[in-house]
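Colleague: Please take me through a close look at one part of this model, and go slowly, as I am still learning how to read such pictures.

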Amino acid sequence: MQIGIIGSGAMGSGIAQVAASASHPTLIFDNNPGALHRSAEKTAAGLEAQVQKGKLSKEEAERILGNITYVSNLSACSNCELIIEAIVENLEVKKQLIRELEMIVSETCIIATNTSSLSVTSIAASCKKANRVIGIHFFNPAIIMPLVEIIPAIQTNEETLQKSCKIIASWGKTIVKAKDTPGFIVNRVARPFYGEAFKMMEEGFADMATMDWALKEKGGFKMGPFELTDFIGHDVNYAVTESVWTAFYFEPRFRPSISQKRLVEANYLGRKSGKGFYEYTEGCTKPEPDKNEILAVEIFERVLVMLINEAADAIYMKITSPNDLETAMTKGVNYPKGLLAWANEFGIEKTVTLLDKLYEKYRDPRYRVCPLLMEMTENNCLFKLI
Ligand SMILES: NC(=O)c1ccc[n+]([C@@H]2O[C@H](COP(=O)([O-])OP(=O)(O)OC[C@H]3O[C@@H](n4cnc5c(N)ncnc54)[C@H](O)[C@@H]3O)[C@@H](O)[C@H]2O)c1
């Protein structure tokens, strides 16, 4: 089955390599010839590095490269059975591309979008045969991250959904299904990890180094929110938060942080610019955390209950299934535990009590308890996981 990838940036290049590794003849198109050239060079260099490290045989690397064809004309994709677009995150540009694609491809070709923040339904609406359009959301870097969120638009038919799931699973990826709502699963449920930590820092509750340390030490997270967003890039992380917040009609739970916005405005984007919350220039050392046990527990529990509340809301609003939610958070953002299993272990009633305390203190609706957690407390029950 021939696969087409449109956009040869970070995501498109990775997805093309994943498809090619799964033995598909894969075409990759970009409207910028320079980007196409860079993609070819980067993929070849990445595979060569794998060969040098002994992780891949030379033959295998050649086979993968041989499966990828870089094309400078969109019409070359006419025989593809699945096309995944990974072009710039702009609704109008994506819609225009989908309209052009529909004139080229066969009736049965699935057209997928890798959008992280736009409505798949809105993208699908640009297609005459909208039931063939679906969201297939890979995580960065696509060759390494196992998770793929599959998002049917409200127009998507069952055949498109089933076929897409089958193809992506056959590429060795772990798939989860999500409703077409802002942030899908991971980019929605993970928001408090950053937002609540930034708010606590702004209030002077604790400094960044202490919060990063506390969340690693008490929560087992691989990185704290400040070092992680410095790593992701504040431009990228802030854009996701702002887009989720705006798309949810300015829901206070997703309210962005002014401190992070200022970093973006100053071009202090994190590691890639040498400065973010922390400094990354030569000779700079990270500030020492305050290893106060009581403070560490307070920091961890406040962030955890906000994450649990968000996860519960995603279940309450039927965004995904409990098991898919657990898979998404452990495989998409490497959380040490699924948030629902964590909620069961931490205590549903304790979660509700801590959230209520925050609500009483701030009178801010961002701390309102999800009705599902309240019902569970009343009925003394736990999340059911398989
Ligand atoms: N970077 C991430 O972490 C990440 C993760 C998941 C999903 N996404 C989504 O994937 C998509 C691509 O992101 P990226 O980070 O790879 O971006 P990128 O900027 O690295 O690459 C985008 C590429 O698309 C090309 N392009 C733009 N308009 C085009 C058009 N009309 N036709 C053909 N090519 C065109 C550009 O030349 C560029 O090479 C976006 O929708 C983004 O939201 C990104």
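Modeller: The word domain needs explaining before we use it: the bounds of a domain here come from an automatic or database domain assignment. Please also keep in mind that what you see is a predicted model. With those bounds, the protein is divided into domain 1, which covers residues 3-180, and domain 2, which covers residues 185-386. Where the domains meet, 11 residues from domain 1 and 13 residues from domain 2 take part in the contact.

Let us look closely at the side of domain 1 that touches domain 2. Two strands, β7 (147-152) and β8 (174-177), each supply at least two residues of that side, and β8 gives the most, with 3 residues. Sorted by class, the residues of this side of domain 1 divide into 5 nonpolar, 3 polar and 3 charged.

Take helix α2 (residues 33-52) and helix α3 (residues 58-67), whose axes come within 9 Å and cross at roughly 165 degrees. An angle over 145 degrees counts as roughly antiparallel, and α2 and α3 are therefore roughly antiparallel to each other. Their crossing is right-handed, and the contact is made by Ala-44, Leu-47, Glu-48, Gln-50 and Val-51 of α2 together with Lys-58, Ala-61, Ile-64 and Leu-65 of α3. By class, this contact has 6 nonpolar, 1 polar and 2 charged residues.

A second pair to set beside it is helix α8 (residues 191-203) and helix α13 (residues 293-316), which pack at an angle of about 140 degrees with their axes 9 Å apart. That angle makes α8 oblique to α13, while the crossing of the two helices is right-handed. On the α8 side, the residues in contact are Arg-191, Pro-192, Phe-193, Glu-196, Ala-197 and Met-200, and on the α13 side they are Ile-299, Arg-302, Val-303, Met-306, Leu-307 and Glu-310. By class, the contact of α8 with α13 has 8 nonpolar, no polar and 4 charged residues.

Finally, turn to the ligand, which is surrounded by 23 residues, the closest being Gly-7, Gly-9, Met-11, Ala-35 and Asn-140. Helices α1 (10-21) and α4 (91-104) each supply at least two residues of this shell, with α1 giving the most, 3 residues. The shell has 11 nonpolar, 10 polar and 2 charged residues.

Notes:
Residues numbered from 1 in each chain as written. Predicted model: local features only at pLDDT ≥ 70, side-chain atom pairs only at ≥ 80, totals over all residues. Axes fitted to C-alpha atoms, helices over the stretch in contact; angles between N-to-C directions. Helix = DSSP H or I, 4+ residues; strand = E, 2+ residues; numbered from the N terminus. Parallel < 35°, antiparallel > 145°, perpendicular 65-115°, else oblique. Left-handed = near helix turned anticlockwise from the far one by under 90°. Contact = placed C-beta atoms within 7 Å. Nonpolar A, V, L, I, M, F, W, Y, C, P; charged D, E, K, R; others polar. Near = placed C-beta within 6 Å.
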